[in-house]
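Reader: I have the sequence and the model open. Please take me through what the labels rest on.

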Amino acid sequence: MVATLVKLRLLVLRNSFRRSTSQLVAVIIGALYGSIGLLVVLGGLLALSLAAAQVATTVVVLGGSAAVLGWAVFPLLLSGVEQTLDAAHLAVYPIPLRPLMLGMLLSGAVGVAGAATTIAGIGTALPWLRSPGVALIAVVTGVLGAATCIVVSRAVTSVASGLASGRRFREASGLLILIPLILAGPIVIGITRGLRSSADALPGVAAGLGWSPLGAAWAVPGAVAVGDVTGAALRLLIALATFALLWMVWRWGLARSLVTPARASSRVRAPGKSGLFGVLPGTPAGAIAARCLTYWFRDPRYLRQLLVVPLLPAVMWFYSSLNHSTGYLFAAGPVVAFALGIGMIADVSFDSTAFALHVSKAVPGRADRWGRASALLIFAVPAVVLIGVGAAAVRDDWLPAPGLLGLSFGILLSGVAVCSVTSARFVFPVPEPGDNPFRSRPGANISLLGPTFAAWGVIALLCLPEIVLLVVSLVTREAVWGWLGLAVGVVLGAVFLVLGVRLGGRVLDGRAPELLLQLRKDG
Amino acid sequence: MTGDDGLAIRVRGLHKRFGEKYAVNGIDLDVPSGSFYGLVGPNGAGKTTTLSMATGLLRPDAGEVHIHGVDMWRQPLVAKAMVGVLSEGVRLFDRLTGQQLVEYAGLLSGMDRPTAQQRTHDLLQLLDLESAGGTLVVDYSAGMTKKIALATAMVHAPRVLVLDEPFESVDPVSAANIRDILRSYVDGGGTVVVSSHVMDLVERMCDHVAVISAGRVLVAGSVDEVRAGSTLEDRFVELVGGRRVGEGPEWLRHS
């Protein structure tokens, strides 16, 4: 039974390669990155064999504890990462709990992340190469540590599955993970600064972690190496107890989730309200704008893109204050404009097959394009203005403001224009409606690259006049060039937008059924 | 334009190939105006593909489709305005509430807002969805989703309703209600085409039927003609084949 489950996992992995070559390429590239990372880790571990025993212990314990912590936290945020052996899918088969858990544990180890963790875990033997006995112990504790990683993730998911089955929780958690990711730069800088000032404290921290459930397994070889046999035995005991406890928690959660299938939660809105549909014009384009706007604020896949608006200026502000120069702040406007403008590139792909409604109602392509474009512009234009003016106010330097605003408008409008054409022509593999917005389909990022870069190039080309005028205004420090840039940005951007919408509308009119077929294949 | 020849849907020589496989291999269909037409066939027979092409959702490799004399693929705007579609296996804009979705469908077909709102209200009432009008469609049950999709198909008062598997996962009471609605729609001069696996249902509900298998029409006509004295189910099995006689393997028998 255990072998069957592991085989099932491998089979699903293999079949996912077969589905398309671009997926295969993406997985290969992903594996390449993974192996390089793994090689770096293994190389580092090997290098530790030249260092003192205490240094090696400190590094291994800190790294190992971080790994366990990561495995505990990530599944919560990335729900739906590994669904092959999802308990809910297997609930219909009469599989005894023990083989089921063993199968899930082992299949966790054959996934990319699981395999990397396991290999790195075994690799913790490398620092102890000079004393083979300790190295042997490290192999065992390394496997134990890796198994703890997988079990902790399983335990956390199974306990949280009742909670995570609610749509709202799932969607909220998918968004929450983005905030630390976007703020990764500031966080990393903060941590490294903290570490630099407290490097002396690290051995102490590691020593403490070595006695905690997180790091006990990783601390055993180090204790043996310095001859502390009792300490090693006690730590091993803690590690085994941790594993056993997690195993029991997992077992409890799994048993519970097998008999209580996931249920959906829902909230009822007061009937009789049309929301935005009652506000925007009652035309096809107006209805599409209302629908898109509703989605921008209700669908996590859109919200994810929206998060950029407040977070990006925050990041820029952080870097500015770091360097005691507010130059970064001025980039915020154009960058947010770019992120929002390009955000529409996969708009129809986000619809998935729901787009069939537009096809069956024979919506004119131009109305479709206008609706989508205006939904974005309704909030994007005020956001860009606000950020541009806000940045100038914080810096208290108004000279570059008009030129920057012109550039922002140019980027935003021509971005929307370009996307109006591309989204009528290309279907991108995007997370499906209701999926975790963070869950990229294997291969999605790679196959998006070509058209995305092309779109970026076109946008840059279309914004050339604004860029030139901005540079001139900055060099000459004469306000008139900036104001000219603003005018050009608005007018030229509007012209491009009209052209893009018309062209995109014509493409859509001609190819809507083909687009729908592509969406069906993809969905 | 060939003019209205008393046919709601006229399909000639429809072909569609996906890769090496012919999903639809030369289908002709005449759906008389005002008929309740059933399309039956085994899984993978090409029902969904045929209906998609007839409603302008999928471009045929060859063949013609006329809706009340209007060529679907030459004048799609005119033709589509006369057709209401319930597609199988497509998503809905499920982040909208049920009410918003129907209103959206109405506005998309070009009606003004008061009309769209009035019709949405009527349709939700007709389909027993009034209380769920304010719930997001993503939180609907399968049967409710089917009903709201039906409402989006009917909102622009089409002359022809093309419904792909309208009764799948709908509870018996709702199914009976939907049947009544469709029946009165036909009595009012509309035409309904449904595809289904359930022979019994088609036999009771429809007045015309076509049996499709492997991308071809095996037989078509009025229900009485097609079943030829037998039941529709027996006739279907006889035509399509694939029925196995026997009791199954030894180990499946417990008595």
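Reader: Where is the place of A:Ser352?

Author: A:Ser352 sits in the loop between α18 (347-351) and α19 (356-360) of chain A. Helices (H or I, at least four residues) and strands (E, at least two) are DSSP runs, numbered from the N terminus. This is a predicted model: local features need pLDDT of at least 70, side-chain atom pairs count only at pLDDT 80 or more, and totals for chains, interfaces and linings use all residues. Residues are numbered from 1 along each chain as its sequence is written, while chains are lettered from A and ligands numbered from 1 in the order in which they are written.

Reader: What makes A:Ser352 buried?

Author: A residue is buried if 20 or more other C-beta atoms lie within 10 Å of its own, exposed if 12 or fewer, and partly exposed in between; C-beta atoms are placed from the backbone. A:Ser352 has 23 other C-beta atoms within 10 Å, so A:Ser352 is buried.

Reader: What is the phi of A:Ser352?

Author: Phi of A:Ser352 is positive, about 60 degrees, although A:Ser352 is not a glycine. Most residues other than glycine have a negative phi.

Reader: Why is B:Glu165 called buried?

Author: B:Glu165 has 20 other C-beta atoms within 10 Å, so B:Glu165 is buried. B:Glu165 lies in the loop between β7 and α6 of chain B. Its phi is also positive, near 50 degrees.

Reader: What makes strand β7 of chain B mostly covered?

Author: Five of the five residues of β7(B), residues 160-164, are buried. B:Val160, B:Val162 and B:Asp164 are on one side, with B:Leu161 and B:Leu163 on the other. Both faces are covered.

Reader: How do you know that β7(B) and β8(B) pair?

Author: Two strands pair if DSSP finds at least two bridges between them. β7(B) and β8(B), residues 191-196, have five bridges, in the parallel sense. Among the partners, B:Leu161 is bridged to B:Val192 in β8(B). The chain crosses from β7(B) through helix α6 (residues 172-187) to β8(B), a right-handed β-α-β crossover. Right-handed means that, with the strands pointing away from the viewer, the path from the first strand over the helix to the second runs clockwise.

Reader: How many bridges join β6(B) to β7(B)?

Author: Four bridges join β6(B), residues 83-86, to β7(B), and these strands run parallel. B:Val83 has B:Val160 as its bridge partner in β7(B).

Reader: Why does the radius of gyration of chain B agree with a compact globule?

Author: The radius is taken over C-alpha atoms, and the globule rule is 2.2 Å times the number of residues to the power 0.38. For 255 residues a compact globule would have a radius near 18 Å; chain B has 19 Å, which agrees. Of those 255 residues, 51% count as buried.

Reader: What makes the span of α5(A) close to the expected one?

Author: The expected span of a helix is 1.5 Å times one less than its number of residues. α5(A), residues 97-110, has 14 residues and reaches 20 Å from its first C-alpha to its last, close to the 20 Å expected. Its buried residues include A:Leu100, A:Met104 and A:Ala109.

Reader: How many residues of chain B are in contact with chain A?

Author: 40 residues of chain B are in contact with 37 residues of chain A. Contact means that the C-beta atoms of two residues, placed from the backbone, lie within 7 Å. α3(B) gives the most to that side of chain B, with seven residues.
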